[in-house]
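This note sets out some points for a colleague who meets this structure for the first time. Please read them with the model open.

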Amino acid sequence: MSNRPLSPHLQIWKWGPHMFTSILHRVTGDGMALVGLAVLLWWLGAMASGPEAYATFSAVATSIPGYVVLVGLTWAFFSHMMSGLRHFVLDIGAGYELTINKTWSTLAPILGVLLTIAFWAIILLK
């Protein structure tokens, strides 16, 4: 029994940006699935229910808490997309070198934030 290898767990592995990005990818995917689906269903239900229901949805969506949820969903989308592109590159067999992997793991969440800011700047400045 003592010759068996230890299973990898958090006490053995050193934390790095790749682990943070991987966990963030899962969290943003779950957030979009749960919160995004709820917002989408509410929006569709409000459109199908008539002008009063849609006005209620619109009022909530354009309030401060509504903008927080919408900006959060936008950030989750762009962060998830950047991490997904990173995973795509890894799946084709590239980017496994330590420095490249660390660089893209660090850049994925940063690019998600920058794309979110650019997206909302375009929307709010029109």
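1. In which helix is the place of Ser 83? Ser 83 is found in helix α3, where helices (H or I, at least four residues) and strands (E, at least two) are DSSP runs, numbered from the N terminus. The model is predicted, so local features need pLDDT of at least 70 and side-chain atom pairs count only at pLDDT 80 or more, while totals for chains, interfaces and linings use all residues. Residues are numbered from 1 along each chain as its sequence is written, and side-chain values use heavy atoms, with hydrogens and water left out.

2. The protein chain contains four helices and zero strands. Read from the N terminus, the order of elements is α-α-α-α.

3. The radius of gyration of the protein chain is 20 Å, whereas a compact globule of 126 residues would have one near 14 Å. This radius is taken over C-alpha atoms, and the globule rule is 2.2 Å times the number of residues to the power 0.38. The C-alpha trace spans about 70 × 40 × 25 Å along its principal axes.

4. Of the 126 residues, 24% count as buried; buried means under 20% relative accessible area, exposed over 50%, and partly exposed in between (1.4 Å probe, protein chains only). Among contacts with a separation of 6 or more, 71% come from residues 24 or more positions apart, a contact being heavy atoms within 4.5 Å.

5. Helix α3 covers residues 64–91, which is 28 residues. From first C-alpha to last, α3 reaches 40 Å, close to the 40 Å expected at 1.5 Å a residue; the expected span is 1.5 Å times one less than the number of residues. After α3 comes Gly 93, with a positive phi near 100°.

6. The buried residues of α3 include Leu 73, Phe 78, Met 82, Ser 83 and Arg 86. The partners against which the buried residues of α3 pack are α1 (17–49), α2 (51–61) and α4 (98–125).

7. Is Ser 83 buried or exposed? Ser 83 counts as buried because its relative accessible area is 2%. Apart from neighbours within four places in sequence, Ser 83 has contacts with Thr 21, His 25 and Ala 108.

8. His 87 also lies in helix α3, but His 87 counts as partly exposed because its relative accessibility is 27%. Between His 87 and Pro 51 there are 36 residues in sequence and 43 Å in space, C-alpha to C-alpha.
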